[in-house]
Every structure is written in C-alpha cells, then in structure tokens.
Amino acid sequence: MNLTDFLPKDVSLTIAMALCAVAFVSGTARGFSGFGSALIFMPLASSIAAPRLVAALLLVIDFVAAAPLLPDAWRKADRKATAVIVLGALVGVPVGTYFLSVLEPVTTRWIISCFVAALLLLLLSGWRYRGKDHAWLSVGIGSLSGFCSGLAQTGGPPIVGYWLGRPVASIVARANILLFFGASDFFSMISYATTGLISRESLVLSLIVGPVYAIGVAFGASLFGRASEKVFRAICYALIALAVIAGLPLLDGVLR
C-alpha cells in the first residue's frame, strides 16, 4: 500500500502535495504573526481542490491546532463581552455554511477571492474600532465574522480589528479573540457536519495535510523574535495578495 491508497478518490497525489505546500506556507504565517493562514490557504487551495473540501479541511486542522489554547483563554477572557459577539457567530456561521454548500464551486471561488481581497485591504488599513460598546454592534461584528468563517474560514480580520481597538489589556483582547474563534469553530464543526461538508474525504485529507500545517506553525513560531515582525507582516500581506491573484478562476487556463 502507498499514500495514494488513502487519498480521497477525487484527490491525486499531486493535489495532496500541493495542498501540503500551501498548508506549510499558511501555517508559517500563522505561527509567526498569528494571522493570515486562512487568507493564504483558501484562495490557493480552492483553486486546487473543491472549495467545500478545502474549507472543511482547514476547519479541522485549525480547530485541532487551536484547541490547546482554549483553557488558558477561558481563564483570561472577558467571557461576558465575548458571549455577546458569539451570539452573532451563532447566526452568521450557518448562513455562510449554507452558501458554501449550495453555490457552484467557481462562484464560491470568486466570492472567496473577493472576500479575501477585501479583508486584506482591511488589514492594510490598520483599522481598529475605537468607538463605544454597543450590543448590536458586537452581534453584527460576530455575525460578519461568523459568515466569513462559515463560507471560507476567513473570519479573522473583522473580529481582530474590533477587539484590538477596544480599551482592554492586550492579554484580555487576545484571550477574547481565541475564545471567540473556539466557539465559532465549534459552530462551524456542527454546521459543516450537518450539511455533509465534513466527510470521510476531508477527515482523511486532514490526517495528511494537518501535520504539515502544524510543522509550518511551529516553524513560524520559531522565527518569532529572530526576524523583523514588520518585514514578516509585509511578506504575509504580499503572500495573501499573491494567493488572491493566483486563485482567481480567470487564470485557470493560464496557471492550472
């Protein structure tokens, strides 16, 4: 028996290796800077394999990678404030999942590319919300982030931009973000499972791609403190931009 015997029927060894390469790069970005993994992974991976498959794949491997961080986040987070935003995700995640499950793959790829491009512009702008707390706004931000997560696992920028602008200690803001995404990923797991997006194929593929992603995260974390964060963030932004361009369906006849 060889590796191809374990692969989903629609995934060749070449596709699996390409997904591993994308996972390593996106994992490195996450390990060093704490962001950017989905924004790099989804546009590229969805141009290699079905968007539904790679979204489920990323959800599984990222959920496993983030799970050990949740107990500490639970202790340090402002759980009351986080719960309000989580309510929004409870609405947004199923809606995003629905669109992922019913849209044609090419349409989904166009939406992912446009979403990621918009989120990249949000990151580049340095936006931080510094206004007053409003429950409706918190729920709205949570819904937007949940929708992006349900559709393409790209819910990071809205929630990060919101929490890092709040007048709270950075350690609390980080814990709030981690706790929110733990809840959002949990909702996504249920939503993906009930719609059939988490399948035997995605779970098998996660066993192959997941360790490579974990190695990338560890490698990126090892670089922290050795390289300029400003330079590395610029590299991450450039990689996200390249991922958006390379993943455009318009280039299928050129790059793929």
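Ser-188 is buried, with a relative accessible area of 0%. Buried means under 20% relative accessible area, exposed means over 50%, and partly exposed lies in between, using a 1.4 Å probe and protein chains only. This is a predicted model, where local features need pLDDT of at least 70, side-chain atom pairs count only at pLDDT 80 or more, and totals for chains, interfaces and linings use all residues. Residues are numbered from 1 along each chain as its sequence is written, and side-chain values use heavy atoms, with hydrogens and water left out.

Ser-188 lies in helix α9 (residues 170-194). Helices here are DSSP runs (H or I, at least four residues), numbered from the N terminus. Which residues does Ser-188 touch, leaving aside its neighbours within four places in sequence? They are Leu-59, Val-93, Ser-149, Gln-153 and Ala-193. Contact means heavy atoms within 4.5 Å.

## Helix α7 and its end

Helix α7 has 18 residues. From its first C-alpha to its last, α7 reaches 26 Å, close to the 26 Å expected at 1.5 Å a residue. The expected span is 1.5 Å times one less than the number of residues. Buried residues of α7 include Leu-137, Ser-138, Ile-141, Ser-145 and Cys-148. The buried residues of α7 pack against α2, α5, α6, α8 and α9.

Ser-138 sits in α7 (residues 135-152). Ser-138 is buried, at 8% relative accessible area. Beyond its neighbours within four places in sequence, Ser-138 contacts Val-84, Ile-85 and Tyr-162. Ala-83 is 55 residues away from Ser-138 along the chain, yet their C-alpha atoms are separated by 9.5 Å.

Just after α7 comes Gln-153, with a positive phi of about 55 degrees. Most residues other than glycine have a negative phi. Gln-153 lies in the loop between α7 and α8 (156-163). At 11% relative accessibility, Gln-153 counts as buried.

## Two helix pairs

How do α5 and α7 run, parallel or antiparallel? The axes of α5 (residues 79-102) and α7 come within 6 Å and cross at roughly 30 degrees. Axes are lines fitted to C-alpha atoms, for helices over the stretch in contact, and angles run from 0 to 180 degrees between N-to-C directions. The two helices are therefore roughly parallel. Angles under 35 degrees count as roughly parallel, over 145 as roughly antiparallel, 65 to 115 as roughly perpendicular, and the rest as oblique. Residues of α5 that meet α7 include Val-84, Gly-88, Gly-92 and Gly-96. On the α7 side, Ser-138, Gly-142 and Gly-146 are among them.

Now the second pair. Helix α2 (residues 37-48) and helix α3 (residues 51-66) have axes that come within 9 Å and cross at roughly 150 degrees. α2 and α3 are therefore roughly antiparallel. Their contact includes Phe-41 and Met-42 of α2, and Val-54 and Leu-58 of α3.

## One face of helix α6

Helix α6 (residues 105-125) has 21 residues, which should span 30 Å at 1.5 Å a residue. Its end C-alpha atoms are 30 Å apart, which agrees. Thr-108, Arg-109, Ile-112, Ser-113, Val-116, Leu-119 and Leu-120 of α6 are buried. Seen down the axis of α6, its buried residues fall within an arc of 140 degrees, so they line one face of the helix. The arc is that of the directions from the helix axis to the C-beta atoms. An α-helix has 3.6 residues a turn, so residues three or four places apart point the same way.

On the other side of α6, Leu-121 and Ser-125 are exposed. Just after α6, Gly-126 takes a positive phi of about 70 degrees.
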